[in-house]
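Subject: Structure handover

Hello,

Here is the structure you were to receive. Please open it next to this email and follow the residues as they come up.

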There are 2 protein chains.
Amino acid sequence: MTGGVPDGDADSASFRDELFEHGLLIPSGVPGLYGCGTVFEEIRVSFELLVARVASDDAPETMRFPPLLPRAQLESSGYLASFPHLAGSVFAFEGSEDDAVKLDERASRHADWSEFQRMSEVAMTPAACYPVYPAVAARGALAPGGIVVDAGGAWVFRHEPSEDPTRLQMFHQRELVRIGAPDEVLAWRDRWRDRGLALLHSLGLAAEPDRAADAFFGRGGRMLAANQRSEALKYELLVQIAGTKRTAVASFNYHRDHFAAAHGLVLADGSTAHTACLGFGEERIVLALLRTHGLDPGRWPDAVRAELWSA
Amino acid sequence: MTGGVPDGDADSASFRDELFEHGLLIPSGVPGLYGCGTVFEEIRVSFELLVARVASDDAPETMRFPPLLPRAQLESSGYLASFPHLAGSVFAFEGSEDDAVKLDERASRHADWSEFQRMSEVAMTPAACYPVYPAVAARGALAPGGIVVDAGGAWVFRHEPSEDPTRLQMFHQRELVRIGAPDEVLAWRDRWRDRGLALLHSLGLAAEPDRAADAFFGRGGRMLAANQRSEALKYELLVQIAGTKRTAVASFNYHRDHFAAAHGLVLADGSTAHTACLGFGEERIVLALLRTHGLDPGRWPDAVRAELWSA
């Protein structure tokens with residue numbers, strides 16, 4: 001314990017301050033919301049490209065989506081039942097000129113102006129795979145063999161303000177999505193769990209796989225999490241970054257027919273498809289690299305540098 | 001007129017449908033919110049890199065920021081006085097388990113669940129330069145000569161749902177920011193207006209510069225706009241894309257001491273800095289290229305292809 005703060009928290013806070021001092025992260029004043037400088041961004045982008053190189057033998061189709069999705073889609077997805085505490089909705093102004101004057105008067109003295117905001121048709125994207133399912137479903141039945149989609153490094157939102165630099169409100173998920181027959185989807189998920197592990201090892205990260213569960217909300221959530229774990233629907237790759245616990249830097253998720261049923265994704269024979277996705281947490285991977293190899297990438301091991309900057 | 005729809009609107013809508021059909025844009029169901037496919041994304045990223053090459057003799061410092069900024073910063077910026085109708089604030093859930101059940105029950109039948117959302121500490125980034133000013137101010141007085149910041153191609157939000165594909169709710173601004181002494185900042189803005197025009201001409205776009213004004217809200221906004229235009233604070237580069245009016249694809253803005261005073265940006269001698277910024281609307285530039293040269297970049301003029309893909 002350090003001044004009443006658990007050791008793990010003190011370690012996270014001191015790592016974060018070190019990142020600020022070196023211009024790797026830029027504080028915004030809000031916990032979990034940061035800018036970044038040249039070095040951090042170069043590592044992040046290099047990692048994005050590295051995943052693209054590894055994924056190229058999947059011949060994925062590129063799709064890119066904004067950090068917002070239609071609110072109606074979030075409502076239909078089941079996300080709000082499981083993770084109401086993590087979701088973000090976008091509100092906007094629909095009032096009169098008089099209302100606008102009142103809004104600004106309150107806002108400029110940092111008083112409550114929420115009554116002048118109405119829920120809009122858009123919400124924060126909670127996971128990079130969400131917009132992919134309706135986009136693929138809109139094309140009709142899948143071709144034999146299904147599809148792999150490369151959804152890039154997409155911004156996603158989690159409402160969980162924290163002083164821990166590995167827990168961000170807005171971060172990039174490096175996402176691939178597989179849609180097809182149940183056996184081919186599950187095999188893809190398992191193969192990528194192993195490939196992901198090898199990829200992180202090639203970057204000198206002491207990553208370890210584990211069965212995992214999502215952070216479901218409330219008392220009922222504990223049972224959902226136990227089921228998810230016992231049925232091996234979610235694997236994570238864990239790395240020691242800061243604090244006392246290991247941090248998940250990637251996840252490999254088998255959804256069975258959850259998203260396919262919600263969006264009407266069907267195979268060529270008319271049966272419901274299955275889906276899986278994988279996501280690397282780009283900022284967490286950059287942080288793991290900085291913590292493992294030091295804050296100056298110029299002094300990282302040659303093998304790591306070659307892997308990241310060999311394109 | 002075509003079936004009661006103005007010709008310009010019909011042209012915009014048919015261009016948008018053509019973009020959907022070719023997989024260049026991906027509809028989401030919400031006007032002004034689209035995904036994109038491989039070809040669109042490759043052009044956009046190539047344009048980002050082209051601007052980086054042109055900007056390299058400014059020796060800019062790289063900073064990257066998320067699509068959200070602290071709500072307190074939006075409140076202090078003056079944006080809500082001028083553009084309350086365009087701003088977006090992020091709301092989230094803070095309730096009990098019972099509240100969560102009610103939220104999901106309403107949301108899953110697309111009924112109003114806004115009462116279960118509270119204004120959070122974050123808001124949508126309205127322009128890519130906003131997070132740059134406090135980040136630079138936090139370092140203390142500027143060095144002689146000031147600074148140029150490359151803020152990348154950053155996602156920004158505008159609450160203006162529209163069927164016109166050139167009017168997006170979420171889009172990328174390719175942003176550079178200049179902070180320094182008044183004369184050097186104004187000279188930089190004017191030089192970049194000319195460089196930006198040359199850059200667009202090199203891509204075969206029939207761009208033209210014009211004095212412009214922001215879309216200030218309400219009756220009072222008309223006077224603000226007239227002032228902005230008469231004092232030449234804002235220039236835009238306009239291209240005919242779809243519809244009957246030309247579309248602004250870039251803007252070059254001199255803020256005098258507006259942002260510097262709000263954030264305490266000072267020169268080495270202690271006097272208040274001035275600021276300017278420029279932003280290319282990346283999606284609009286891609287649309288202008290597709291409209292001008294056709295939907296298949298493989299068949300674009302060699303000079304344009306060389307300019308974009310010469311890196």
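R71(A) and E121(A) form a salt bridge, with their closest N and O atoms 3.1 Å apart. A salt bridge here is a side-chain nitrogen of Lys or Arg within 4 Å of a carboxyl oxygen of Asp or Glu. Side chains of opposite charge can pair when their charged atoms come close.

Before going on, some notes on the source. This is a predicted model, in which local features need pLDDT of at least 70, side-chain atom pairs count only at pLDDT 80 or more, and totals for chains, interfaces and linings use all residues. Residues are numbered from 1 along each chain as its sequence is written, chains are lettered from A and ligands numbered from 1 in the order in which they are written, and side-chain values use heavy atoms, leaving out hydrogens and water.

Chain A is divided into domain 1 (7–88 + 126–309) and domain 2 (89–123), with bounds that come from an automatic or database domain assignment. Taken over C-alpha atoms, the centres of domain 1 of chain A and domain 2 of chain A are 33 Å apart. Their contact takes 8 residues from domain 1 of chain A and 7 residues from domain 2 of chain A, where contact means heavy atoms within 4.5 Å.

The area buried between domain 1 of chain A and domain 2 of chain A is about 620 Å², and carbon and sulfur atoms give 55% of that. Buried area is the accessible area (1.4 Å probe) that two parts lose on being put together, summed over both. L68(A), R71(A) and G88(A) supply 80% of the area that domain 1 of chain A buries against domain 2 of chain A, more than any other three residues.

Across the interface of domain 1 of chain A and domain 2 of chain A, the rule finds 1 salt bridge. Between these domains there are also 3 residue pairs in polar contact, both residues at pLDDT 80 or more. A polar contact is a pair of N or O atoms within 3.5 Å; within protein, one must be able to donate a hydrogen and the other to accept it, and residues adjacent in sequence count only if both atoms are side-chain atoms.

On the side of domain 1 of chain A that touches domain 2 of chain A, β4 (68–70) and α3 (71–76) of chain A each supply at least two residues. The largest share of that side, 3 residues, comes from β4(A). Helices (H or I, at least four residues) and strands (E, at least two) are DSSP runs, numbered from the N terminus.

**Other salt bridges**

How many salt bridges does a search of the whole structure find over all chains? The search finds 50.

One of them joins R291(A) and D11(A), whose closest N and O atoms are 2.8 Å apart. R291(A) lies in helix α10 (residues 282–293) of chain A and D11(A) in helix α1 (residues 7–21) of chain A, so the pair ties together parts that are 280 residues apart in sequence. R291(A) is partly exposed at 33% relative accessible area, and D11(A) is partly exposed at 23%. Buried means under 20% relative accessible area, exposed over 50%, and partly exposed in between (1.4 Å probe, protein chains only).

E48(A) and R44(A) also meet in a salt bridge (2.9 Å, N to O). Both lie in helix α2 (residues 38–55) of chain A, 4 residues apart, about one turn of the helix. R44(A) counts as buried, at 8% relative accessibility.

In chain B, R44(B) has its place in helix α2 (residues 38–55). Is R44(B) buried or exposed? R44(B) is buried, with a relative accessible area of 7%. Its side chain has a polar contact of 3.0 Å with that of E41(B). Leaving aside neighbours within four places in sequence, R44(B) is in contact with H172(B), E282(B), E283(B) and V286(B).

**The two chains**

A rotation of 180° with 0.0 Å of shift along its axis superposes chain B on chain A (RMSD 0.0 Å). That is the relation of a two-fold axis. Copies are superposed by least squares on the C-alpha atoms of residues with pLDDT of at least 70 in both. Of the residues of chain B, V90(B) comes closest to the rotation axis, at 2.4 Å (C-alpha).

Regards
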